[in-house]
Amino acid sequence: MDWKLLGITFVTVFLSELGDKSQLAAIALSGGCKSPRAVFFGTASALILTSLLGVLAGAGAAQLLPVKFVKAIAAVGFAVLAIRLLCFGDNSQETEETTI
């Protein structure tokens, strides 16, 4: 096993999941229930399944396309999302102000 890759993957996913919608949903669900353990196992299994699907899709794409191309597509996708959030992410406040 590549321990360095495992560590980098863990840190990357852990940091990206902090404050994510799934974490907020887990907080909301566990706050109003009698079994936080069930919420933990439900959210953990859902994250494992989505990670499995992502790994399978990535491995399949790497079989069909060059790895550099797949990385470039991911980089462009993240850049587009970042630009969109920076430039257009605050429209909800402007819309509320114009309707009031």
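Let's start with one cysteine: Cys87 is exposed, with a relative accessible area of 52%. Here, exposed means over 50% relative accessible area, buried means under 20%, and partly exposed is in between, using a 1.4 Å probe and protein chains only. This is a predicted model, where local features need pLDDT of at least 70 and side-chain atom pairs count only at pLDDT 80 or more, while totals for chains, interfaces and linings use all residues. Residues are numbered from 1 along each chain as its sequence is written, and side-chain values use heavy atoms, with hydrogens and water left out.

**Overall build**

- The protein has 5 helices and 0 strands, so reading from the N terminus gives α-α-α-α-α, where helices (H or I, at least four residues) and strands (E, at least two) are DSSP runs numbered from that end.
- Buried residues account for 2% of the 100 residues in the protein.

**Cysteines**

- A disulfide is a pair of cysteine sulfur atoms within 2.5 Å, and by that rule there are 0 disulfides.
- Cys33 counts as partly exposed, at 30% relative accessibility.

**Annotated spans**

- The UniProt record, an unreviewed entry, places the feature "transmembrane region" at residues 38-62 and 69-86; UniProt positions follow the numbering used here, feature names are shortened, and annotations may be inferred rather than shown by experiment.
- Residues 38-62 are 100% helix and 0% strand, with the end C-alpha atoms 36 Å apart.
- Residues 69-86 are also 100% helix and 0% strand, and the end C-alpha atoms of that span lie 26 Å apart.

**Largest pocket**

- The largest pocket holds about 790 Å³ of space.
- It is lined by 19 residues, and the closest to its centre are Val13, Phe14, Glu17, Leu47 and Ser51.
- On a 1 Å grid over the protein atoms alone, a pocket is an open set of points where a 1.4 Å probe fits, with protein on both sides within 12 Å along at least five of seven lines, and lining residues have an atom within 4 Å of a point.
- Grid points are joined across faces, edges and corners, and a volume is the space filled by probe spheres set on the points.
- Helices α1 (3-17), α2 (21-31) and α3 (36-64) each supply at least two lining residues of the largest pocket, and α3 gives the largest share, 10 residues.
- The lining of the largest pocket splits into 11 nonpolar, 7 polar and 1 charged; Ala, Val, Leu, Ile, Met, Phe, Trp, Tyr, Cys and Pro count as nonpolar, Asp, Glu, Lys and Arg as charged, and the others, Gly among them, as polar.

**Second largest pocket**

- The second largest pocket has a volume of about 240 Å³, and its lining is made by Gly58, Ala62, Val67, Val70, Lys71, Ala74 and Phe78.
- Both α3 and α4 (67-88) supply at least two residues of this lining, with α4 giving the most, 5 residues.
- By type, the lining of the second largest pocket has 5 nonpolar, 1 polar and 1 charged.

**Aromatic pairs**

- The structure holds 2 aromatic pairs.
- Phe10 and Phe14 have ring centres 5.7 Å apart and planes at 15 degrees, so this pair is stacked.
- Rings of Phe, Tyr and Trp (its six-membered ring) pair if their centres lie within 6.5 Å; planes under 30 degrees apart count as stacked, over 60 as edge-to-face and the rest as tilted.
- Phe10 and Phe14 sit 4 residues apart in helix α1, so about one helical turn separates them.
- Phe10 is exposed at 55% relative accessible area, whereas Phe14 is partly exposed at 45%.
- Phe40 and Phe41 have ring centres 5.2 Å apart and planes at 65 degrees, so this pair is edge-to-face.
- Phe40 and Phe41 are both exposed.
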